[in-house]
Amino acid sequence: MTTLSTARVVPGDWFPGTIPDNARLDEGAYVETSYSFSLCRSRLQPAVTMGEGASAYLGTMFDVGETGRVRVGRFALLNGARIICDGRVDIGDHALISWNVVIMDTYRVPVDPGLRRRQLRFGPPPTAERGDHDVGSRPVTLEANVWVGFDSCILPGVTIGEGSIVGARSVVVGDVPPLCIAAGNPAKLIRSVREQDRSP
Ligand SMILES: CC(C)(COP(=O)(O)OP(=O)(O)OC[C@H]1O[C@@H](n2cnc3c(N)ncnc32)[C@H](O)[C@@H]1OP(=O)(O)O)[C@@H](O)C(=O)NCCC(=O)NCCS
């Protein structure tokens, strides 16, 4: 549990930052470091919500654009994931997201080489005037009890159904139905979660 002071400082934090006012953390949620919010630029209220027992460990990054909103459900665990959100990313209750997973509702970067070149010429470091090109966003939903294996990538517009699993190092480009296992690049269904996979 992370008990924030009125200054919204994480006790014992190695990073000298604060949790933004528009991050709504349940009293029973845990955040290892405020560094996870250093790229949270959303103007929405709330921008990030974390439910009871939800946790965000070292390496987790909420990279949330001005109109982005992220929900992390009850007892969901983010073990060093990067969430890139300009619209909506929803992570359900009891979801387990392993290390180095990227969940993105936007690619942020234009396909047009000329636009990319123009943006790059404004840095380093990038400035506010660089005129980011809006490439749009499509909501991403991970339903309850989803498990995403390490190094995987969930691309814009994807919904992963309740209880499903994404194998390690997968790139998920389309929806995964509930209680299925998908893996590979691009991720394909390898089987369903069987009766014998379940505890009695
Ligand atoms: C997805 C997973 C759970 C499947 O386990 P499983 O049911 O025991 O599956 P199997 O090992 O029997 O593999 C079944 C098939 O899927 C393939 N497969 C399994 N995992 C794969 C992966 N990550 N990428 C590509 N193919 C994969 C296997 O090659 C096999 O193919 P085949 O039938 O052609 O031989 C497991 O492979 C995995 O990736 N676990 C994630 C581990 C992890 O991230 N841990 C972090 C801790 S939070």
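Mentor: A strand is a DSSP run of E with at least two residues, and strands are numbered from the N terminus. The model is predicted.

Trainee: In which loop does Pro46 lie?
Mentor: Pro46 is joined to Gln45 by a cis peptide bond, with omega about 0 degrees. As for its place in the chain, Pro46 lies in the loop between strand S2 (30–31) and strand S3 (48–50).

Trainee: Which residue is joined to Pro186 by a cis peptide bond?
Mentor: Most peptide bonds are trans. Pro186 is found in the loop between strand S18 (180–183) and strand S19 (188–192). There a cis peptide bond, with omega about -5 degrees, joins Pro186 to Asn185.

Trainee: Is Arg169 buried, exposed or partly exposed?
Mentor: Arg169 lies in the loop between strand S16 (165–166) and strand S17 (171–172). Its phi is positive, about 60 degrees, although Arg169 is not a glycine. A residue is buried with 20 or more other C-beta atoms within 10 Å and exposed with 12 or fewer. Arg169 has 15 other C-beta atoms within 10 Å, so it is partly exposed.

Trainee: What is the phi of Leu179 near?
Mentor: Leu179 lies in the loop between S17 and S18. With 16 other C-beta atoms within 10 Å, Leu179 is partly exposed. Most residues other than glycine have a negative phi. Leu179 is a residue other than glycine with a positive phi, near 50 degrees.

Trainee: What radius of gyration does the chain have?
Mentor: The C-alpha atoms fill a box of roughly 55 × 45 × 25 Å along the principal axes. With 200 residues, a compact globule would have a radius of gyration near 16 Å; the chain agrees with this, at 17 Å.

Trainee: Which residues come nearest to the ligand?
Mentor: By class, the shell around the ligand has 7 nonpolar, 5 polar and 1 charged residues. Of the 13 residues around the ligand, those that come nearest are Ser98, Gly149, Gly167, Ala168 and Ala183.

Note on methods. Residues numbered from 1 in each chain as written. Predicted model: local features only at pLDDT ≥ 70, side-chain atom pairs only at ≥ 80, totals over all residues. Near = placed C-beta within 6 Å. Nonpolar A, V, L, I, M, F, W, Y, C, P; charged D, E, K, R; others polar. Rg over C-alpha atoms; globule rule 2.2 N^0.38 Å. Helix = DSSP H or I, 4+ residues; strand = E, 2+ residues; numbered from the N terminus.
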